[in-house]
Amino acid sequence: MANQDSQSTPPKDKSAFGIFMHELARGSLIVPILAIITGLLLGGLIVAVTTDQVYTAWSRSPLEAIGVGINAALRSYSALFNGAIGNPERIADALASGEAAALRRAFNPFFESLIKSVPYIFAGLAVALGFRAGLFNIGAEGQLFMGAVASVYVGFAVKGLPAIIHLPLALGAGALGGAIWGFIPGWLKAKTGGHEVINTIMMNYIAFRLSEYLLRGPLQRPDTTNPISPFIETTAQLPRFFESPIRFHLGFFIALAAAYGVYWLLFKTRLGFELRTVGANPNAARYAGMNILVITVLAMSLSGALAGMAGANEVLGVNYTLAPAFSSGYGFDSIALALIGRSHPVGVVLAALLFGTLRNGALQMQIAANVPVDIISVMQALILAFIAAPAIIRTIYRLRAPQQQEDGLHVRGWGG
Amino acid sequence: MPPVLELKTITKRFPGVLANDRIDLSLERGEIHALLGENGAGKTTLMNILYGLYQPDEGEIFINGRQVQIHSPTDAINAGIGMVHQHFMLIPVFTVTENVMLGSESLKMGGILDRRAATERIRQISSAYGLEVDPDDYVRDLPVGVQQRVEIIKLLYREADILILDEPTAVLTPQEADELFKIMHSLTERGKSIIFITHKLREVLDIADRITVIRRGKVVGSTTPKQANQSKLAAMMVGREVDLSVHKRAFTPGADVLTVQNLKVGDDRGQIAVDDVSFTVRAGEVLGIAGVQGNGQTELVEALTGLRPALDGSVRLLNEDVTRANPRRITELGTAHIPEDRQRDGLVLSFPVADNLVLNTYYQRPFSKGAVLQQATIAKVAEERVNSFDIRTPSVDTSAASLSGGNQQKVIVARELSRPVKLVVASQPTRGLDVGSIEYIHGRLIESRDNGGAVLLVSSELDEIMQLSDRIAVIYRGKIVDVLSAQDASKEKVGLLMAGVVRTATAKKASLGVKPKPKAKASSKTKTSARKAAQKKKTSRAAKTTRRRKDS
């Protein structure tokens, strides 16, 4: 009875962003944001304690050591910032000179971060869609590989088409490849009850080995012994908006469109209503006459298609070819990402931008500040741990527990 | 002698709500004091304060005349206060002894559990108070009523003098409730004092020594069963006159709407739960299915609504065979289904009220056009239904989870009865609801009947069956043992049929060739074993529900 008035105000603005802001105001996004901040702070602490100079300074005076530690953390974060967004001095210089090439170089880090976010957005949407339907799609990585394989094949093997046909065809092939890889575990779940967690993990292995086999066989570039595919035709490339070195391509906007599409599907359509009902309460879905089997298969296929698009974008927008291990675990990171984004498309896009930025900046951090790239992984892990255990964040920041039950994960237990 | 327990001007505020407003309450030694109030009146808050789960903003607590501070359940236990929660706090895979010991283990040789000593004490307690239980049984194997006894033993093991029972009969069959009342008397005879929280009027009048009624956080009055009656108590609880009787038009049944013939249905474990059942429900009548919970009612309703396949037999709805139809087809033919477990089947708790109001019609016009939901229309229609069905919700965008049980049920009733309906299947439609909501939902069911609808009412509340039904079918171990007209049915007669004691000529015929049964008047042995079987089923379902709660 204490909780009758507090969660009642409905969102006034029914747009995607309106709902997102409403959730933010209601407090369900405070935790992820605080988790990110806490993760960054702890990351700095780790940088400090892994810096050798801190220990040499310690022998002189603890105060100095703390100073050195803070310095090291600040230095690595500024390197991270420079690597991910751009070096403010260089940007200022470039703006002053007005020289096009200098400008492009100065702003390149920012665009690189956006490029890195693209596969995260797609794969994050894939996992989020699964979560909303009560499905734990661990197989985004495998679906991503199959999407990449399918689109690279269409990209290099089909010749003589105009870009207006070839590019959509290659993208569609990527989506289809992923969809098939999602359909199989979805169908197994619907027909036999086989748990999608197990089956998607197994499908991952099959996808990895299958793509390796293909790259050494039918998809191998003729003039080399390396396991790498031929370059795709220029007609299948996602157009870039700027000259070298900026690689920013159309895929980013396709990803944003996909996010809007997923939002629209989930919250505005019949199918989305069914999907969310099955995810939130399968018993009620059955009671309401929904066909749970069909919806499960459909949700897994759609999820796979989105993950496949992540692979297609890497191949068609960045690499123009396919090599083994081209994905640095986008599919796995996206599980975390969907959680941070509360399985909401807007949240997923924001979380993907964060992940892309961190990943891109990490490289610079290693070069400029001599901090290992792994620190970024540790930081991501910390952020995730805090989000997965909201009680920690609530305790640290003395937040009130939410009146309503946490429904953040949108996932049922392992009993499925 | 001072009272065992005295609460003085207890006040508790939650943001925006005054949950307890200067509540005074005293409990004498050996007394059963009923705390009566609707859901959300503040009973549970008050008891949580007493048990140390909340701190009062104002007020004092005295035990045996001495003022005490209760900051935690441990303080409460040390002060001799024990509480049996509505949902039991037992570990299913532990034995009774292990559960009772948990948290106050007796040890020997510095660290080894002294199970034998504990078992011995449990035996003493159970024979002293008539709490029959085998200390070596696993809790998961025990019927709900016995699990509750284990909870009470836990309190006595910790030497509690003041026992708080929070809605203890909500999960019990009528027979189990009677057992509990006996136990409560034997506890008070031995000097224990009991606070009995409930919203069931009849129970209060049966068992309480004194009654305190709470409404909106305030004590509205104190009385005794001698001075009070049901309608007086109901009026105190709700704050207005409540009409507990049901008014309906004369019984003029029309054509057959639902015809069930030789229906056989299995339960989750593949056992026959509904065994060769035949009946009809006609337009303009209420057919009540009476029975102790777990005698096949759940499976019967699920088979009729397309949620569970029939093994044999047929179900006809008007002129169509729906034995193998899916839930959507059955809904579209004009069936309203008020499911037994509203939170499990009837609602998506995380969804707003508006979405729940179209949960099974969302795909039809005007709620969808093509593939797109018409959210403006859904919201508009939801507003209308919230008004016409008196659903108390801040808005149609509020999640169903934050409504009270009564209002959640009204959401379901609004959804099901605002379609053109020919058959209403209502399963335990008022379980756990407050008086006001019960009155309302009964009124709506009768309205459907008076307007020419056929109503199948499945309930384990005998009072409800007797009040609403035109004919009463009694189900026992998956069989309809008899169908009585309302005039012929007396509470005693139906009660005995429910317990499987009296069997009529028709029922005997039905059971022929299945299994030779002992004579009708049946020794008390068969009676208890039958009850045990029924209870066992119930336990397994209860266990499932708990698990489900944990999952979510």
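Within chain B of this predicted model, Ile63(B) has Arg66(B), a residue of β5(B), as its bridge partner. That pair brings us to strand β4, residues 58-63 of chain B, which pairs with β5(B) in the antiparallel sense over three bridges. From there we can look at the sheet around them, and then at another one in chain B.

**The sheet with β4 and β5**
- Four strands of chain B make up this open sheet, and their order is β2-β1-β4-β5.
- The pairing in the sheet is antiparallel.
- At the edges lie β2 (17-27) and β5 (66-68) of chain B, each of them pairing on one side only.
- On average, neighbouring strands here are turned by 30 degrees against each other, with direction ignored.

**The sheet with β16 and β17**
- Another open sheet of four strands in chain B runs in the order β14-β13-β16-β17, again with antiparallel pairing.
- Its edge strands are β14 (272-282) and β17 (320-321) of chain B, and each pairs on one side only.
- β16 of chain B, residues 310-317, pairs with β17(B) over two bridges in the antiparallel sense.
- Opposite Leu317(B) you will find Glu320(B), which belongs to β17(B).

How values were computed
Residues are numbered from 1 along each chain as its sequence is written. Chains are lettered from A and ligands numbered from 1 in the order in which they are written. This is a predicted model: local features need pLDDT of at least 70, side-chain atom pairs count only at pLDDT 80 or more; totals for chains, interfaces and linings use all residues. Two strands pair if DSSP finds at least two bridges between them. Axes are lines fitted to C-alpha atoms, for helices over the stretch in contact, and angles run from 0 to 180 degrees between N-to-C directions.
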